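Colleague: Hi! Could you walk me through this one in plain words?
Modeller: Happy to, here comes the picture.
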Amino acid sequence: MSYCFCKTILHHHGIHYLRLSPTHFIEANSHQLFLLPFTRCISSTANPNQHSFAASYLIKKCGFSPESALSASKHLKFETPDKPDSVIDTFRRYGFPEDKIFKLVKKFPKVLSCNPEKTLLPRLDFFLSRGMSSTELATLFCIIPPLLHRSLENIITPTFNFLSDLLQSNDKAITVAKTYPFIIYHRPESYLQPYVSILRENGIPKSHIASLIYKWPRTVRACPIRFRNTVETVKEMGFDPSKLVFTLAVLARSAQSKSGWEKKVGVYKRWGWSDEEVLAAFKRNPWCMMSSEDKIMAVMDFLVNNMGCESSYVAEHPILLLLSLEKRLIPRASVLQFLQSNKLIDEKPNLATLFKYSEKSFLHKFVDGFDEAPQLLKLYREKLNLSK
């Protein structure tokens, strides 16, 4: 049998169609020919702008763009509005704000395909029963929407209970979950428990561990092996595991890479510190290694070159490196310089003490007691305003 092929009549999505007869076309590619009924050819040329029901729902009901709706709809299984409507209605019934509902849906469209009775209600009821408000719960699931699909029995409940027991408080466990929700996303035996075990094995009191997890829950992000090495390094530095400062040192070391740590040590050495002085400063206040390199340089420059401090004095009082240059050091230094230049004080006060005072105590000792108090207060406030 022979055929006379006409020219290509359609080029759609990279496929060429050639007429074979009044009722059939040929789908042609570089390798082979396929005989297709006319109806299939016509269906393949359907309007590419047409969307599935799921995609249309996402566009009309949830505010998706056509592109994002098309992508998300590939993973959704519903052909009527019943299921997605029931999901949205469930969130509304539990008091979720409208903006949070649709933010959650946009971040995790799969939630529209779930069974509210089996998936949503047990998890929502669990957190509400533990004291979390509807708004807090909405925020939690907006941060980590896949938590809605995590096992309540094997992950969420045992992790939350472990956290609550450690902190000796349901409310504190809720606070940690809100601050760092990923902490309840994993099985406790694979995520939270190993860190607690490492600290307990090294003699750190349970109360200090609880304080660390409560105030800085992101500490448990580190690889357990690396975390163990950090704890051992801190012990080798001479820190006492029974003291709270030990946990702060662990936090400071685990919060940065080895190269980041070495860069900060290098900055201090540029100001003449020895390795022993760096270690001594770190032991006095571990937070001195949490400041950025730029902050360290700026504060050291101000204290040494503007205030006449010895570099070693700062090493002995590392708390100075944590204070705000604009909101604390410069305004108070301006008041001190005014008092000295006008011979209103006989001796230069201890700078570490002056800068550590609460604002009320500082004003009482260095402003209010002088006849020039209005001028001093004006100067002080002008410097503060410059930092805003």
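Colleague: Where is the place of K343?
Modeller: K343 is in the loop between α18 (325-341) and α19 (351-356). Helices here are DSSP runs of H or I with at least four residues, and strands are E runs of at least two, numbered from the N terminus. This is a predicted model, in which local features need pLDDT of at least 70, side-chain atom pairs count only at pLDDT 80 or more, and totals for chains, interfaces and linings use all residues. Residues are numbered from 1 along each chain as its sequence is written, and side-chain values use heavy atoms, with hydrogens and water left out.
Colleague: Is K343 buried or exposed?
Modeller: K343 counts as exposed, at 71% relative accessibility. Exposed means over 50% relative accessible area, buried means under 20%, and partly exposed is in between (1.4 Å probe, protein chains only).
Colleague: And what about the phi of K343?
Modeller: K343 is not a glycine, yet its phi is positive, about 50°. Q168 has a positive phi too, about 60°, and is not a glycine either.
Colleague: Where is Q168 found?
Modeller: In the loop between α8 and α9. Q168 is exposed, with 64% relative accessible area.
Colleague: Let's change topic. Which helix does T159 lie in?
Modeller: T159 belongs to helix α8, residues 152-167. T159 is buried, its relative accessible area being 0%.
Colleague: What is T159 in contact with, beyond its neighbours within four places in sequence?
Modeller: I183, I184, H186, R187 and P188. Contact here means heavy atoms within 4.5 Å. As for I155, its backbone oxygen lies 2.7 Å from a polar atom of the T159 side chain.
Colleague: Now the rings. How many aromatic pairs are there?
Modeller: The count comes to 17 aromatic pairs. Rings of Phe, Tyr and Trp (its six-membered ring) pair if their centres lie within 6.5 Å; planes under 30 degrees apart count as stacked, over 60 as edge-to-face and the rest as tilted. One of the pairs is W261 with F282, which is edge-to-face, at 5.0 Å centre to centre and with 85° between the planes.
Colleague: Why does the pair of W261 and F282 tie together parts that are apart in sequence?
Modeller: Because W261 lies in helix α14 (residues 258-270) while F282 lies in helix α15 (residues 275-284), the pair ties together parts 21 residues apart in sequence. W261 and F282 are both buried.
Colleague: What kind of aromatic pair do Y268 and W273 form?
Modeller: A stacked one, 4.3 Å centre to centre with 10° between the planes. Y268 is buried at 0% relative accessible area, and W273 also counts as buried, at 4%.
Colleague: Which residues do ring pairs link into a cluster?
Modeller: F126, F127, F141 and F160.
Colleague: Which charged end sits over the ring of W261?
Modeller: That of R253, 3.9 Å from the ring centre. A charge sits over a ring if NZ of Lys or CZ of Arg is within 6 Å of the ring centre and within 35 degrees of the ring normal. The charged end of K172 likewise sits over the ring of Y214, 5.2 Å from its centre.
Colleague: Last topic, charges. How many salt bridges does the count come to?
Modeller: The count is 6 salt bridges. A salt bridge is a side-chain nitrogen of Lys or Arg within 4 Å of a carboxyl oxygen of Asp or Glu. One of them joins the side chains of K178 and E136, at 2.8 Å from N to O. K178 lies in helix α9 (residues 170-179) and E136 in helix α7 (residues 134-143), so this pair ties together parts 42 residues apart in sequence.
Colleague: How exposed is K178?
Modeller: K178 counts as partly exposed, at 33% relative accessibility, and E136 is partly exposed at 27%.
Colleague: What does E201 form a salt bridge with?
Modeller: With R228, their closest N and O atoms being 3.1 Å apart. E201 is in helix α10 (residues 193-201) and R228 in helix α12 (residues 224-236), so the pair ties together parts 27 residues apart in sequence. E201 counts as exposed at 56%, whereas R228 is partly exposed at 31%.
Colleague: Which residues are linked in a network of salt bridges?
Modeller: D89, R92 and E98.

Conventions. A polar contact is a pair of N or O atoms within 3.5 Å; within protein, one must be able to donate a hydrogen and the other to accept it, and residues adjacent in sequence count only if both atoms are side-chain atoms.
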